[in-house]
Each structure stands twice: as C-alpha cells, then as structure tokens.
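Trainee: Hi, could you walk me through this one?
Mentor: Happy to, let's look at it together.

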Amino acid sequence: MKKYILILVLQIPISSLAQVNNDSTKSLFIEMLFPEEKTKALILSYDDGAKNDRKLVALMNKYQLIGTFHLNSNKLSTNSYYDYLNKEELKELYKGHEVSVHSANHPNLPDISKLEVANEIFEDRKELERIMGYSIRGMAYPFGNTNDTIVETIKRLGIEYARTVGDTYNFEIPKDFLRWHPTMHQFCKAYWEPNQPEKDQKEMALFYQTIESFLKLNELAVLDIWGHSWEMGSDQKKWEETEKFFKMLAGNSAIYYAKQIDLVDYINAYRNLKFSVLNDKVTNLSSLTIYIRANNKKYVIPSGKTISIN
Ligand SMILES: [Zn+2]
C-alpha cells in the first residue's frame with residue numbers, strides 16, 4: 001500500500017489534497033519559499049508622509065532596504081499637522097519603494113459613515129495613483145483601527161491588504177491580508193511617551209531581541225516593522241537607532257526585501273498553484289516565478305509552467 005499525503009504549510013486549495021492507494025507509504029510535505037529560495041521576508045511600513053521621510057528613504061537606500069509608505073493625499077503639500085511632503089516630490093523620492101493608501105484625511109474610520117469611509121479610500125487611492133502612475137492596492141488603517149464593515153468596504157474598492165497597529169511579536173504570514181497585524185512598532189513604542197527612560201530602555205531591548213530572533217530563524221518568517229519618520233523628527237539619537245536596526249537587517253542573503261504588495265502578490269500566486277490529483281505535477285498560472293520545497297527538495301516553478309515533483 002502506497003499512500004500520498006500532502007501536508008501544506010500555507011493554504012493550498014483543499015482539492016489538491018489527495019490520498020492514493022499504492023505500494024508503500026509516502027508523505028509529501030510542501031512548503032512555500034520566498035523568491036530566489038529565501039526563507040525570510042522583511043516589510044518596513046511607514047505612515048503619514050511627513051517631510052522626515054526624505055531622511056528615512058535616504059537611509060533605506062543607503063542600506064538597499066525597501067519601504068512601503070502609507071500616505072494621506074489631502075495632507076500632502078500642507079503643514080496641517082505635521083510638515084508633509086509635497087506631491088511633486090513623491091515620484092522621485094519613493095522610486096523603488098511602494099506608495100500605499102492611508103485615507104485622504106486620516107480620520108478614525110470606525111467613527112465615520114460607510115459612505116465617508118468609501119470616499120476616504122477611493123479619493124486617496126485615485127490621487128496617489130495619479131501622482132505615482134501605478135495601480136495602488138495596499139493600505140494602512142489610520143490609527144490602526146478597523147471593523148468588519150470597513151474591511152468589506154475597502155475590499156470592494158480594490159484594496160488587497162491593510163495593516164493595523166496590533167503588534168503580534170511573531171513572524172507568521174497573516175491569514176487575512178485585510179487585517180494584517182504587524183510584528184512590531186519600530187522601537188516597540190519606546191519614546192512614545194516623554195521622559196520615561198526606564199520604559200524606553202526595556203522597549204528598545206525587546207525591539208532588538210525580536211530582530212535577533214528573526215535573524216536566527218531557519219523556518220519561513222516575515223518581519224513586519226511599522227512606524228513614522230516624524231517620530232525621529234530632529235532627534236539624532238532616534239535616527240541613530242534607526243540606522244542601527246537597518247544595518248542589522250541589511251544585506252542578508254536569506255531575506256527577501258519586499259514591498260508589501262509584492263509579498264501579497266507572491267503569496268497569492270503560491271496559494272493559487274494547481275496540483276495534480278497524484279500531487280506529482282504542479283502548475284503555476286501566475287506571472288511570477290514560484291519557489292517551493294517538497295520533501296526537502298527545492299523546486300522552481302516558472303510562470304505559466306507545469307513541473308514534476310518527485
Ligand atoms: Zn497615520
């Protein structure tokens with residue numbers, strides 16, 4: 001009796017599960033790998049688009065890191081709360097990075113009507129697309145707040161992922177991209193309240209410990225760090241902390257440095273792989289090259305191709 005058992009680490013359509021009677025027992029363990037067989041992914045996600053983003057992006061570029069920037073289009077080119085970036089500079093500044101929705105005016109979405117939510121997202125998406133010249137499909141919730149009605153509304157407006165501020169301190173791939181809880185705030189909320197040196201020290205220690213745990217891991221992991229460049233403002237010490245953790249994470253051959261939307265597209269393409277009944281063939285219908293590991297053997301599945309798994 002041979003049995004094929006397919007064990008999946010990420011969600012694969014249930015139809016691909018197959019048990020076939022045969023001569024001996026064989027387990028097929030399939031796991032997603034990130035592009036170029038990498039096992040870790042890093043997302044750096046910054047909100048609000050204050051002018052301090054100029055310094056932040058320069059620092060990311062220095063270490064060849066990739067950021068995702070969630071912007072409020074009606075705040076840009078104003079100094080209504082923070083000193084915001086000018087619309088004219090966005091395209092050049094964020095070259096190689098992702099620009100994403102953060103609502104047009106940064107209201108607390110659960111406090112406004114469904115129609116107003118729709119308008120906030122639609123207007124922001126439309127204006128950011130006009131400025132950047134590409135389709136914008138990601139978002140971060142203003143203040144991190146959401147509910148089921150908001151999720152349903154943004155989904156209908158073409159948003160494919162939305163980040164909260166509910167830090168998980170884990171490295172799991174989110175099950176629901178529209179309720180994407182990040183790993184942690186950039187300094188674990190250190191300096192959030194003024195004059196609390198002891199608390200700051202503890203939070204910074206936790207922050208660096210979490211990064212070190214991520215770097216040590218061998219299994220599939222996503223580190224998603226979020227924050228704002230205005231938090232660093234003109235404080236040299238905080239900029240030095242930023243550079244320190246960028247340096248820790250830079251230039252690592254095991255890490256896939258990703259725009260958040262690219263990671264979403266890749267995982268969706270993996271989840272949409274088509275397996276044969278016997279699990280000995282797999283087809284990649286997407287436009288991306290997909291990397292998997294099956295029974296500890298690595299496979300590359302080019303776009304539009306079917307390969308054999310043995
Ligand atoms: Zn914000």
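This is a predicted model: local features need pLDDT of at least 70, side-chain atom pairs count only at pLDDT 80 or more; totals for chains, interfaces and linings use all residues.

Trainee: How many helices and strands does the chain have?
Mentor: The chain has seven helices and 15 strands. Those are DSSP runs numbered from the N terminus, H or I of at least four residues for helices and E of at least two for strands.

Trainee: Okay, H3. Which residues are buried there?
Mentor: Val117, Glu120, Ile121, Asp124, Arg125 and Leu128. They cover an arc of only 115 degrees around the axis, so they sit on the same side of H3; the arc is that of the directions from the helix axis to the C-beta atoms. Buried means 20 or more other C-beta atoms within 10 Å of a residue's own, exposed means 12 or fewer, and partly exposed is in between, with C-beta atoms placed from the backbone.

Trainee: Which residues are exposed on the other side of H3?
Mentor: Leu115 and Arg130.

Trainee: What do the buried residues of H3 pack against?
Mentor: Strand E4 (67-71), strand E5 (98-101) and helix H4 (148-156). Contact here means C-beta atoms, placed from the backbone, within 7 Å.

Trainee: So what about H4, which residues are buried?
Mentor: Ile150, Thr153 and Ile154 are the buried ones. They fall within an arc of 95 degrees seen down the axis, so they line one face of H4. They pack against H3, strand E6 (138-140) and strand E7 (161-163), while Asp148, Glu152 and Arg156 are exposed on the other side.

Trainee: What follows H4?
Mentor: Gly158, with a positive phi near 85 degrees. H3 is followed by Gly133, whose phi is positive too, near 80 degrees.

Trainee: Switching topic: in what order do the three strands of the open sheet come?
Mentor: E11-E12-E15, with antiparallel pairing. E11 (274-275) and E15 (306-308) are at the edges with a single partner strand each, so one side of each has no neighbour in the sheet. Strands pair if DSSP finds at least two bridges between them.

Trainee: Which residue in E12 is the bridge partner of Phe275?
Mentor: Val282.

Definitions and conventions
Residues are numbered from 1 along each chain as its sequence is written. Two residues are in contact if their C-beta atoms, placed from the backbone, lie within 7 Å.
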